[in-house]
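Work through the exercises below with the sequence and the model open. Try each task before reading its solution.

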Amino acid sequence: MSDSKSGDDKTLTVNKKTTLTLKRPEQGTVRQSMSQGRSHQVVVETKKRKFDMPGTKREPVPATSFKPKTPQPQAPVRPRETPKPQQADRSGMVLNQLSADEIEARRRALESSKSRESEERARAAAEAARRAEEEDRRRREREESARRQADEEARLQAEAEARRRAEDEARRRSPDVDSRVSAEEEIEEKRPAVRTAGAAALPPKRIIKPEIVRPARTKGADDKRRGKLTLNSALSSEDGDARARSLSAMRRRQEKFKRAMQQEPREKIVREVTIPETITIQELANRMSERAVDIVKYFMKQGQILKPGDVIDADTAELVASEFGHTAKRVAESDIEEGLFNIPDRPEDLVSRPPVVTIMGHVDHGKTSLLDALRNANVVSGEAGGITQHIGAYQVEKNGHKITFIDTPGHAAFTAMRARGAEATDIAILVVAADDSVMPQTIESINHAKAAGVPIIVAINKIDKPSADAQKVRAQLLQHDVFVESMGGEVLDVEVSATKGTNLDKLLEAILLQAEILDLKSNPDRTAEGVVIEAKLDKGRGPVATVLVQTGSLLPGDIIVAGNEWGRVRALVNDRGKQVPEATPAMPVEVLGLQGTPQAGDRFAAVNSEARAREITEYRQRLARDKAAAKHAGQRGSLEQMMSQLQNTGLKEFPLIIKGDVQGSIEAIVAALDKLGTDEVRARIVHSGAGAITESDVTLAETSGAAIIGFNVRANVQARQAAEQAGIDLRYYNIIYNLVDDVKAAMSGMLSPERRETFIGNAEVLEIFNITKVGKIAGCRVVEGKVERGAGVRLIRENVVVHEGTLKTLKRFKDEVSEVPVGQECGMAFQNYEDMREGDVIECFRVEMVTRSL
C-alpha cells in the first residue's frame, strides 16, 4: 500500500467526538443470465469482510449450558490479559482503540451476565432439592401402600381360613347335605383355584388383580364415606367378594356360546302381544321379544323410515305382530272402565227399593209448591223470583213407604235439567195448572218422559182457582198422546191443590200403586252406582255433589269416581241436612270429599282402590281435553280461514266469564246465551264454573277482555279490588230472565246499524249550461216530490244508475236554496262529476242509520 491517500482510501480511523451508529448496507447490482438469451439485473447487498490484524489471535467464545438436575460449579473467571500494544511494522497503519464508554458498557454487560448465572445456579439448586423431597415422599407412600396391601391380603386369607373351618365344622355336624350345595361344590372344584405363594387358598370366587396404588384410607373413614347403596355393593358379600353366577345364568351362557359356535337359529317363540291404541316401536319389540332393529328394517322394506321411538297406531302394530308370527290382542284405553257400571246382580240378592219420582211441567204451574206440601217444607221462599232454578232431590214417607222426589225447573232454559231428571227417574209426574192448561214446557216434559220410557202421572194443580178447568187440560193432553183414565186411557190423573192441600194423599197413593206395578228392586249389598243430580262448590265444605244412589250402598270412606273427578267420601248428608251412616238405593244424599266439582248428569260408581280411580279420571280428563282441542281447532281453522271468515261475515264475539252456584244453572245459562247468537254477533264463553268469583277469574277476564257474570255468587274482597283496578265489569244476577235480557241488550249494541234509504223526489234535466270557472250546470224541473240540498242524489240515464254522489250546488235563479218543491225549475251541479246530458233523471234520497236489536 502507498502512503499517499486517495479517494478510495479505506483506512480505519476513530473519531472520538462522534457516537457509534449503524451504517446502511452497501448495495450493488448483478446481471443474472436466464434462459433463451434473456438477462435480468438483480440488486444485491454487499458486506465487507473483516480481517484480523497480523499478530492477533481470536479467542473462542465458550458455549454456556445449564443442567438443572446436577449443577456443576463454574470455574472462576480469570481476568482478561490486556494485550500489549505492538508497534506497527509499517508506517501509515492506524490501530483501533476502545473508548471509555465502550469499556464501561462491556463491564456492565459482564456483571449482568455474572448475576444471571448466579441466579440460575440458585434456582437449579432449589429445583433439585424439591425433586429430591418429592421422590422421597413418593417412596414412602409406595412403601406404606405395599404394607397396607400385605395387611389386607393377610386379613382376607385369615377370614377365608376361618370361613372354611366353619363350613367344615357345619358339614361335620349335619350329615345330610343338600343336593344343590353338592352341585355347587362340584362346580367349584372344577374351577382353577387361585392361590398365592406361601399363603392359604382364597375363595374360588375371588380374582386377584394386579397391585394398584391407591390413596390411603383408614377403616373408620371407609365406613363413614361408604356412599349410597348400589347394585354391586348390595350383591357383594361383606368381605368384598363378588357374587358368583347362578347355575341358570351359566347354563344360558353355555347355550348361547354353543349357538354362536354352531350358528344354529334360535327357536321361535310365539307370543300373544297386547296392542293398545298407540304404541312405540321399541315397546312393541319388547312385547314380541324381537329386536327393534328388525322392525325398523321391516318398515324400511315397506318404504317407511321410522325410529324405535316413533309411535304407530294399533292397526300397524297388529300387522307387524302378525308379520313376525305373533298373535295380536287389541285393547283400548276405554277398557279401564270395564266392570265399572251395569254389574249384573243375582235375582236372590234383589230387594224392593223406593220409587224415584220426577216432578216436571211448565214454569209457574206449582211444581215446587206441590213438593213443599208433600214434604212439609217451604222451598219456594228460598228461590229467587219465585221460580225454581236448581234441581233438588227429597225423600217423603207415606204409610211406611219411602218415595224419592226430584224437582226440576220449568224455565225454558233448563231443558238439560229436565232431561236428566227424566233419565234418572222411575215415574214422571206431569204438573199442569188447571187455569193455564198445556204450555210449551209441558209438551217438552211429555217428550222427555216418553224418551226415557217412564210412566206418567198427571197432576192437575190449582183446582181451587175460579178459572180452573180440569176437563180442558185432559182434552189438550189428548193432542200429545197422553190418555188419562177418566177418558179411557192408562195414564193416572189426580186433581190437586198445593196451597189447600187437596187430594195430596190420592197423589201419593197413585205413586205407590204405580211403583207396585213396576216392582222396583235393587241389590243393596254391593258397591254403589248412581247419578250426579247437581254439583256445587261450597266455601266451607269444598266440592259438594248431590247424588242419587241407584243400586248398592254408599258408605263414608268409599272411593268413588264421578265423571272426571274422584274422591274418598268424607260425609253423607241427607235432604234434611243431617249426616247419615249410609246411603241406600233410591236415596238422595250430598257427598263431601271429591277432588273437584263433577258435571251434573255424570254417573258415579265406587271403585276398590285409589290407583284405579286415578287411572279412570286421568283417562276421562285426557279424553275431554282432546275433544275440547278438536272442537276449538275445528272452530278456529287456519289463519287464512279466520281472516276470510272475518272479512266475509264480520262475526263479532261478546266474551263472557260465567260463575254460578251449581253446575246445572251454569249449563242452562250457557245454553240460553248460545241461542242468542246470530251471523253477526255471538256470545263466547271464555270460562264457566261453579264457585265464587276469584282473582284468577279477574285475571282471565283482563287478558281476554271479557265481562264477569255471577249467578247467585259474589266476588271476594281481593277479586273486587283487582276488578276495580283493571276496570273489569262485574254483574250479579239471581234470576235467569234478567241475565239473558241484559246480555241480549249488550250484544245488540255490537250489531252494526241498519242503513235505510228514504226517497225524496225526482228532477228531469232540461238543458246543460257551461259556465266559466264553475263548470257544467244542469237546468232541471222537479217532477216528483222535492229536491233538498245535502241529500244524496243519483244520476239515472235510460233507467241505469250512472253516478251516485252529493249535490255541489242547488240554485233557483241566482240564489242558493235549501229545497225546491215539485213543479219548479232549478239548477243543480254534482260534486266531482260533470257528465250530465239532457233527458237524464236526478233521483234525490235521504239515508238513515237505524239501530238494530236481537
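The model is predicted, so local features need pLDDT of at least 70 and side-chain atom pairs pLDDT 80 or more, while totals for chains, interfaces and linings use all residues. Residues are numbered from 1 along each chain as its sequence is written, and side-chain values use heavy atoms, without hydrogens and water.

**Exercise 1.** Is Arg-140 buried, partly exposed or exposed?

Solution. 
- Take the cut-offs: buried is under 20% relative accessible area, exposed is over 50%, and partly exposed is in between (1.4 Å probe, protein chains only).
- The relative accessible area of Arg-140 is 44%, so Arg-140 is partly exposed.

**Exercise 2.** Which side chain meets Arg-140 in a salt bridge?

Solution. 
- Take the criterion: a side-chain nitrogen of Lys or Arg lies within 4 Å of a carboxyl oxygen of Asp or Glu.
- Asp-136 is the partner, at 2.8 Å from N to O.
- Both residues lie in helix 1, four residues apart, about one turn of the helix. Helices here are DSSP runs (H or I, at least four residues), numbered from the N terminus.
- Asp-136 also forms a salt bridge with Arg-139, at 2.4 Å.
- Asp-136 has 29% relative accessibility and is therefore partly exposed.

**Exercise 3.** Which residues are linked with Arg-108 in a network of salt bridges?

Solution. 
- Glu-104, Arg-107 and Glu-111 are linked with Arg-108.
- A search of the whole structure finds 51 salt bridges.

Conventions
Helix = DSSP H or I, 4+ residues; strand = E, 2+ residues; numbered from the N terminus.
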